[in-house]
Amino acid sequence: MNGLFAVFGAIAALLAAPIAAQETRLGEEGFESPPATLEQMDWLVGQWSGEGIGGAPAMESWLIPTGNTMVGTFVQQTAEGGIRFTEHLYLMEEDGTLVLRLKHFNADLTGWEEKDDMVTFRLLGLEPCAAYFHGLTLRCADAERPGEGLVAAVRMQSGGELLFRFEAM
């Protein structure tokens with residue numbers, strides 16, 4: 001449980017810092033997700049590394065689609081190089097659009113969410129090199145050079161935002 005408190009402490013410290021501009025978007029209540037397919041997300045496939053929470057290293061990886069699902073992983077390291085927490089992500093085609101679901105795990109593989117629960121992000125909009133979900137953004141660092149960098153941002157319940165800038169590995 002101490003590891004979980006350390007994660008929340010690091011998140012709280014990060015959220016105390018001023019944020020220049022919000023990367024994430026929020027949909028109005030009852031919004032409808034636009035039509036989309038995994039084929040439109042081919043720019044996301046790859047392995048990415050960069051700075052994460054509190055300046056510690058972080059990595060994100062996305063596999064090519066299998067059926068109607070792209071599987072991803074996220075690893076947030078400690079400053080000492082250990083695992084702070086991980087996420088298992090599914091980007092899925094569902095009802096003619098995309099939805100991203102994830103589960104968090106501590107370093108000992110105990111889950112944050114209850115057994116059958118997960119965090120779900122519904123699609124708000126899609127551009128050639130960006131996907132905007134309710135509270136989560138995935139986009140190319142430079143739309144002119146896809147595959148070189150990735151920006152991932154997530155809106156916290158407090159209203160703050162965690163921002164990750166990754167380079168291709």
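Select Asp-142 and Arg-145: the two form a salt bridge, with their closest N and O atoms 3.7 Å apart. A salt bridge here is a side-chain nitrogen of Lys or Arg within 4 Å of a carboxyl oxygen of Asp or Glu. This is a predicted model, in which local features need pLDDT of at least 70 and side-chain atom pairs count only at pLDDT 80 or more, while totals for chains, interfaces and linings use all residues. Residues are numbered from 1 along each chain as its sequence is written, and side-chain values use heavy atoms, with hydrogens and water left out.

Asp-142, Arg-145 and Glu-148 are linked in a network of salt bridges. Asp-142 is partly exposed at 27% relative accessible area, and Arg-145 is partly exposed at 44%. (Buried means under 20% relative accessible area, exposed over 50%, partly exposed in between, with a 1.4 Å probe and protein chains only.)

Next, select Glu-23 and Arg-139. Their side chains meet in a salt bridge, 2.7 Å from N to O. What does the pair tie together? Glu-23 lies in the loop between helix H1 (2–16) and strand E1 (46–51) and Arg-139 in strand E8 (residues 136–140), so the pair links parts 116 residues apart in sequence. (Helices, H or I, have at least four residues and strands, E, at least two; both are DSSP runs numbered from the N terminus.) Now colour by accessibility. Glu-23 is buried at 17%, and Arg-139 is buried at 17%.

Move on to Arg-101 and Glu-94. Their side chains form a salt bridge, 3.0 Å from N to O. Glu-94 is partly exposed, at 28%.

Finally, zoom out. The whole structure holds four salt bridges.
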